[in-house]
Amino acid sequence: MHYLKELFSARELLLNLTLREVRGKYKRTVFGQLWSLANPLASMLVYTLVFSFILRIKPDVGDPSGLNVFAVWLLCGLLPFIFLTNVINDGMGSLVNNANLVQKVYFTRIVLPLAMVGAVGFNWLIEMGVLIVALTIVGAWVIPWIPLVLVAMVLLAVFGSGLALMLAVANVHFRDTQYFMSILLQIWMYLTPVIYPVSLVESKSREFGGILGTNITVLDVYKLNPMEHFVGLFRALLYDNRWPDPQDMIACVLWAVGIFALGLWVFRRTEKGLAEIL
Amino acid sequence: MTDVAVSVEHVGKKFRLYSERNQSLKSAIMRGRRSVHQEFWALNDVSFEVPVGSTFGLIGSNGSGKSTLLKCLAKIYYPNRGRIVANGKFAALLEVGSGFHPELSGRENIFLNGSILGMTKKEITHKFDEIVEFSGVEKFIDQPVKNYSSGMFVRLGFSVAINVNPDILIVDEVLAVGDAEFQEKCQVKFAQLKKAGRTVILVSHDMVQVRKMCDTVAWLKNGDLVTVGEAEQTIAAYTDSLQGEEP
């Protein structure tokens, strides 16, 4: 509690550091903020080409929205996942990249990873805005769901912050962390139903039956992945325009709160020694 | 006791000198133990009190633990033994222009740097003109700071820091920034701070400056406190000891 109060009193610093990242990032580029849209668009084109036209993956038609556009369906899951990837990558490096600052000035260290979450989140907000416009154009009635989408975004940001806090500390101790994570994030994306529908896993799981004669199915193990629930949440709200599966909602809240609490605890315990180790 | 600004009580700071350090995961796992290190006490049982409103100097040769102590005072390091109690808001000036982003303008950087040093937006807005005027970079305030000359850069950084207006200001050898004119301005500013009853703790190798500014001086040697006391005598004892070593 005391710690949250300290964090609250540092909100102006957090805002200023976030603005530093946002303003500094695209300085001296011709297209500026537009570049933040380039990356997800390029991924969308590649994945749509490969998975929709070549491999012929057909996700379920949006219910009740009636949408049937692979590219848009993909983006509903891809944008949150790209956000998480960026939060992890930028947040993880935040302490090491600001080593000079940490060694020269006292301030609540936690603002460094959180400012990266803020800066990445700002870009994500723009991406999601564009996606909502695109969804409306292809015929989804997404506007009433915007408040819930925002709640889901906050939940994912909290979840990502928790991971970033832990990994930022880990990266100070072992610089291997960043290389390890870049591999892990690739694997993680393919273990999450971002570019294929979860129904493919369901049918395979049914064929396979219980693992080693138990009642546990492949799908049960698959659903241990928190991002499976987050992607489910975003797809339901954005693509299908319906209330998400309550299981997904509960899982998302629990994962977000749990991971954030753990991240805060880890960060707090190690915060004081950071200036020496860096 | 309200007339003590900072009290340093039996402070000890230990560093580990690693002969082999587990900086990568591989080395940690391969060796199967934590790491090989020796302990080194950079500060040993240092105690003194800094009275409110005084200018307090820390002197000593290189490696005597001055900067380590200063970093402990600034809450960047945490002492392994003893404790430091500060009464009032403090600001540490260990480096000028901390957190300046080269691509951002002088104006944006003032707000950024000010908030890193613990000022609120209101305070910065209030003091903005004063900061700019003190730095003497009015004409270039909306230019990115990467285009500043190195003198302008440090002057701007210093101006922000000196305007934080803390009860206790901790300064590390940064007074030697800018040209003679700017140095003169700094001296005036320090005199003003002193008049306003602020406490200043500074580290310097420049004995002329220390003699001019400080009331009380602490002399550190190899992490031990040799003496603490009135400026003139302590400085004399310190310079005598140096002459004794190098005839």
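Tutor: Of the 278 residues of chain A, 50% count as buried, meaning under 20% relative accessible area with a 1.4 Å probe and protein chains only, where over 50% is exposed and in between is partly exposed. Bear in mind that this is a predicted model, where local features need pLDDT of at least 70, side-chain atom pairs count only at pLDDT 80 or more, and totals for chains, interfaces and linings use all residues. Residues are numbered from 1 along each chain as its sequence is written, chains are lettered from A and ligands numbered from 1 in the order written, and side-chain values use heavy atoms, with hydrogens and water left out.

Now let's zoom in on Ala236(A). Ala236(A) belongs to helix H11, residues 226-240 of chain A; helices here are DSSP runs of H or I with at least four residues, strands are E runs of at least two, and both are numbered from the N terminus. Ala236(A) counts as buried because its relative accessibility is 3%. Setting aside neighbours within four places in sequence, Ala236(A) is in contact with Asn241(A), Arg242(A) and Pro244(A), contact being heavy atoms within 4.5 Å. Then there's Asp63(A): 173 residues away from Ala236(A) in sequence, with 8.6 Å between their C-alpha atoms.

Stepping back to the whole chain, residues 24 or more positions apart make up 80% of the contacts in chain A with a separation of 6 or more. As for the elements, chain A has 13 helices and zero strands. The C-alpha atoms of chain A fill a box of roughly 55 × 55 × 35 Å along the principal axes.
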